[in-house]
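Please keep the sequence and the model in view while reading.

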Amino acid sequence: MKVPFITFEGTEGSGKTTQISLLADRLRSMGHRVRTLREPGGTPIGEEIRHTLKHSPANHAMTAEAELLLMNASRAQLVREVIRPALAAGEIVLCDRYYDSTTAYQGYGRELDLQMVRNIVDVAVGETRPDLTLLFVVSQGVSEARRLARQPTLPLPFKRDRIEEAGQSFFVRVAKGYQAIAAAEPQRVRQFDATGDVAKIQAAIWDLVQPLVKRLKTQAV
Ligand code: T5A
């Protein structure tokens, strides 16, 4: 049976990282092999690109087109260096953001042409598409409050984040983009309210993931 490739999407601070970690722990405790990844990043080249995109002091003048290409350069590397080999080796892949982020942020948020965005994503991912995408929905207010609460705990080089410096209207467009993505592919993209209790969200995610893993072979733990 094919191992699933699952992606996690949503606006800043929607709780993806928290839930990926809980899901990975649960799957591993059952004997599954799991690979957790994040975008942009996930490879040495991708992590350098991530720094350029988010935290580099030299990134202020980055154009939307350069941002689109860098996101997909990181992705092209991740797909070939890690995701395809991991899936081929029977590992469940959990990825914090994937190409829906590009559609939402560069397509809707930066207002780049959606067909151009799709064409570039196609180059980066080819046939490597997620089996399930979990879309975490929180209000702009919750997203911002969670980001601000975390800010003092971040080490200095990570306090500034170029993408998070975008205005409120940018994030409203990103959220609309995610709604459009979910409406276009309701089978793959399953959205849920991510403002509640962590354990409740974890249970909702498990209900969606369990059918994809229940017939997979596991190793003794
Ligand atoms: N981007 C990315 C693009 O523009 N295009 C692309 O193609 C791609 C791939 C990535 C940036 O790049 C952009 C989008 C982003 O701007 P990132 O740092 O990886 O940057 O950003 P996020 O993915 O948004 O990561 P965050 O860490 O900000 O958000 P998460 O992972 O969704 O949230 P998490 O789990 O870290 O939680 C945030 C805080 O909330 C708390 C946590 O403890 C934490 O403090 N929390 C909860 N609090 C209350 N109730 C709950 N249920 C909670 N769940 C978590």
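**Rings, charges and cores**

The charged end of R26 sits over the ring of W206, at 4.2 Å from the ring centre. The model is predicted, and the distances are computed from its atoms.

Aromatic rings also pair with one another. A pair of aromatic rings is described by the distance of the centres and the angle of the planes. Seven aromatic pairs are present in the structure. In one of them, the ring centres of F170 and F171 are 5.1 Å apart and the planes stand at 85°, so this pair is edge-to-face, given that angles over 60 degrees are classed that way. F170 has a relative accessibility of 4% and therefore counts as buried; F171 is buried as well, at 5%. Through ring pairs, F170 and F171 belong to a cluster that also takes in Y105 and Y178.

In soluble globular proteins, nonpolar side chains tend to be buried together. The largest nonpolar core here has 22 residues, and L94, L134 and V209 touch the most other members. At least two residues of this core come from each of β1 (5-10), α1 (16-29), β3 (92-96), β4 (132-137) and α8 (198-213). The largest share, five residues, is supplied by α8.

Which residues does V209 contact, leaving aside neighbours within four places in sequence? They are I6, L23, L132 and L134.

Methods:
Residues are numbered from 1 along each chain as its sequence is written. This is a predicted model: local features need pLDDT of at least 70, side-chain atom pairs count only at pLDDT 80 or more; totals for chains, interfaces and linings use all residues. Side-chain values use heavy atoms; hydrogens and water are left out. Rings of Phe, Tyr and Trp (its six-membered ring) pair if their centres lie within 6.5 Å; planes under 30 degrees apart count as stacked, over 60 as edge-to-face and the rest as tilted. Buried means under 20% relative accessible area, exposed over 50%, partly exposed in between (1.4 Å probe, protein chains only). A charge sits over a ring if NZ of Lys or CZ of Arg is within 6 Å of the ring centre and within 35 degrees of the ring normal. A nonpolar core is a set of buried Ala, Val, Leu, Ile, Met, Phe, Trp, Tyr and Cys residues joined through side-chain atoms within 4.5 Å. Helices (H or I, at least four residues) and strands (E, at least two) are DSSP runs, numbered from the N terminus. Contact means heavy atoms within 4.5 Å.
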